[in-house]
Amino acid sequence: MEFFLHDKTFLLSQFLIFCMIVVVSCRGPVYKPPEVEKLTDHFSRLSVNQGYNVFFGGANVRMTNNGSSADLILDKSSGSGLISKEKYYYGFFNAALKLPAHFTSGVVIAFYLSNSDVFPHNHDEIDFELLGHDKRRDWVLQTNLYGNGSVHTGREEKFYLWFDPTLDFHDYTILWNNHHIVFLVDNVPIREVVHNSAISSVYPSKPMSIIATIWDGSEWATHGGKYPVNYQYAPFVTSMKEVELEGCVRQQNTSATPTCDRRRSTSNLDPVDGEGFMKLSQQQMTGLDWARRKHMFYSYCQDTNRYKVLPPECPSN
């Protein structure tokens, strides 16, 4: 019996050492997500160069497969990013991303909507932010939104993913319309922000560009710089493909109220008001509940240290 126990202890120690050496995620059981509708199947996937231009870090943006995909690179010289060729007022926006592996502390990958270039003092923003792991932790997925310049009152929620995002491509999707904002990962809703009177004053409401970036977030993303980017592991490369950009394209006119040009639509479904986009189905609600119960570990609505008075859209109980 003593030999058996010693043998088990030895095997466990070897497993832990293996986890430390290769910097893998030695987590507990990974739960399979429930079946959900595949909203991404309703729209055509585009080549990256069809929908995006280089935003910054030109030398660190590498188009691949004749422009159907792209690598965004962070090294000592620069991060990099892409920005959509059009601005959109409401819509369905997706990118399939594969994240860099190994030690990625301080690396931030963002897929987001923003209009800060046009409205610097009252901009809107809807964010996916993927935060590189420190001390062998998993990648963290953070969602956030700002409306009408409410940049001092971020509405963050944080999740651990139920897969390794460095092994393959996974879909990250933002649905934004007059009814709600929904964040989805591989078509599973992880967060819904319902447009109601409680949040109306800070609900994103102006046309936005869709942006994908990789950058050094050491000071912000790693406990105030405790675990900065280690460039011995550079270059850090995230790959992007199979983008979807469906919505109201802002026409280039001087009207204060944007108008929508749907001539470019590749679907008879309207991502603004069409059936299937106005509210979550029962299947999607099940997926949302699963993601939040099993994978969310922070919500601003539960942070009473930060908010002495919780924002009005937060549940009172």
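**Aromatic residues, ring by ring**

Mentor: Trp220 lies in helix α3, residues 218-221. Keep in mind that this is a predicted model.

Trainee: Why is Trp220 called partly exposed?

Mentor: Its relative accessible area is 43%. Buried means under 20%, and exposed means over 50%. The value for Trp220 falls in between, so the residue is partly exposed.

Trainee: What makes Phe55, Phe56, Trp215 and Trp220 a patch?

Mentor: Patch members need over 30% relative accessible area, and nonpolar side chains are joined within 5 Å. Trp220, at 43%, passes the area cut-off. Together the four residues form a nonpolar surface patch with about 380 Å² of accessible area.

Trainee: How many aromatic pairs are there?

Mentor: The count is 17. Take Phe128 and Tyr172 as one of them.

Trainee: Why is the pair of Phe128 and Tyr172 called edge-to-face?

Mentor: The ring centres are 5.9 Å apart, and the limit for a pair is 6.5 Å. The planes stand at 75 degrees, and over 60 counts as edge-to-face.

Trainee: Which parts of the chain does the pair of Phe128 and Tyr172 tie together?

Mentor: Phe128 is in strand β7 (residues 125-131), and Tyr172 is in strand β10 (residues 170-176). The pair therefore ties together parts 44 residues apart in sequence. Both residues are buried.

Trainee: How do you know that Trp162 and Trp290 form an aromatic pair?

Mentor: Their centres lie 5.0 Å apart, within the 6.5 Å limit. The angle between the planes is 75 degrees, which makes this pair edge-to-face. Trp162 lies in the loop between β9 (157-160) and β10, while Trp290 lies in helix α4 (residues 282-295). The pair therefore ties together parts 128 residues apart in sequence. Trp162 and Trp290 are both buried.

Trainee: What links Phe43, Phe92 and Phe277 into a cluster?

Mentor: Ring pairs link these three residues.

Trainee: How do you know that the charged end of Lys158 sits over the ring of Tyr298?

Mentor: Its distance from the ring centre is 5.8 Å, and the cut-off is 6 Å. The charge must also be within 35 degrees of the ring normal. Lys241 lies over the face of Phe169, at 4.3 Å from the ring centre.

Trainee: How many helices and strands does the chain have?

Mentor: Four helices and 16 strands. Of the 317 residues, 49% are buried. Among contacts with a separation of 6 or more, 69% join residues 24 or more positions apart.

Technical notes
Residues numbered from 1 in each chain as written. Predicted model: local features only at pLDDT ≥ 70, side-chain atom pairs only at ≥ 80, totals over all residues. Heavy atoms only, no water. Patch = residues over 30% accessible without salt bridge, like charges linked within 9 Å, V, L, I, M, F, W, Y side chains within 5 Å. Areas by Shrake-Rupley, 256 points an atom, 1.4 Å probe, with all protein chains shown as cover. Salt bridge = Lys/Arg side-chain N within 4 Å of Asp/Glu carboxyl O. Helix = DSSP H or I, 4+ residues; strand = E, 2+ residues; numbered from the N terminus. Buried < 20%, exposed > 50% of the residue type's maximum accessible area, 1.4 Å probe, protein only. Phe/Tyr/Trp six-rings, centres within 6.5 Å; stacked < 30°, edge-to-face > 60°. Contact = heavy atoms within 4.5 Å.
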